[in-house]
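Q: I'm new to this one. Can you walk me through what it shows?
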Amino acid sequence: MTEPTTPIAGMSRRAFALGCTGAAALLALGGLSALPAEAQVRPPGGQDEDHLLSACIRCERCIEVCPKNALRPAHPEEGIFGVRTPMANFNVGWCDFCVEHNDGVPLCEKTCPTNALRLRAGATPETTILGKAHIIKDWCLAYRNAGCRFCYDACIDAGYDAIDLDVDKRPVVNVEKCVGCGACQSVCVSLKEGSIREGATSRAIIVVTEERLAELEGGGR
């Protein structure tokens with residue numbers, strides 16, 4: 001016998017109850033914590049951080065359905081209120097808006113049972129800003145005269161042309177064109193054996209929120 005379903009996109013009552021219980025528990029824990037919820041790079045339709053945090057039931061269906069494995073659940077150290085909500089996993093994959101898999105309709109947004117991910121009417125890959133790419137020059141191979149241009153080529157292949165090369169053939173992000181798809185970050189080799197710069201804690205090019213980008217560039221890094 002088929003398990004009864006709720007009116008929410010066919011989700012089983014058991015899964016819905018577990019999701020709500022988990023979300024309530026996390027929110028209760030957050031109420032006891034002084035840790036702030038820092039905005040994260042979210043999947044398409046998740047750019048309204050307040051709406052996502054209030055509507056997401058932490059079911060992780062969006063993460064499971066991503067064809068490029070470009071999402072993962074947020075960890076406690078990334079903000080207790082956002083634990084298990086979907087965030088970018090661009091070290092593994094990148095977001096192509098499911099052009100190859102669902103005719104340009106993001107499966108994460110389509111699968112969300114609570115409308116926590118909601119795209120604006122007429123949204124396209126070019127008009128949906130997930131974040132902005134930022135180059136950490138101290139850790140970048142190209143800025144160490146190693147001739148690397150993987151991020152540049154990946155950006156062209158993704159169809160955005162948001163990374164230029166300076167006179168020394170080093171990548172420079174064109175912030176106006178960048179939509180934060182993560183193609184550049186997914187191919188960065190700065191943390192591969194033999195390439196790691198002392199003190200590096202991430203890849204040399206990362207996608208961050210626009211707010212975080214302003215902080216990084218304001219600090220001169």
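A: A term to begin with: buried means under 20% relative accessible area, exposed over 50%, and partly exposed in between (1.4 Å probe, protein chains only). At 8% relative accessibility, Cys 108 counts as buried.

Q: What kind of model is it?
A: The model is predicted; local features need pLDDT of at least 70, side-chain atom pairs count only at pLDDT 80 or more, and totals for chains, interfaces and linings use all residues. Residues are numbered from 1 along each chain as its sequence is written, and side-chain values use heavy atoms, with hydrogens and water left out.

Q: What is the mean pLDDT of the protein?
A: The mean is 87, and 81% of the residues reach 70 or more. pLDDT is the predictor's confidence in each residue, from 0 to 100.

Q: Where does pLDDT stay under 50?
A: Over residues 14-19, which have 6 contacts (heavy atoms within 4.5 Å) beyond four places in sequence. Residues 29-36 are also below 50, and that stretch has 10 contacts beyond near neighbours in sequence.

Q: New topic. How many disulfides?
A: The count is 0, where a disulfide is a pair of cysteine sulfur atoms within 2.5 Å. For Cys 62, the nearest cysteine sulfur belongs to Cys 59, 6.3 Å away.

Q: Is Cys 62 buried or exposed?
A: Cys 62 is buried, at a relative accessible area of 10%.
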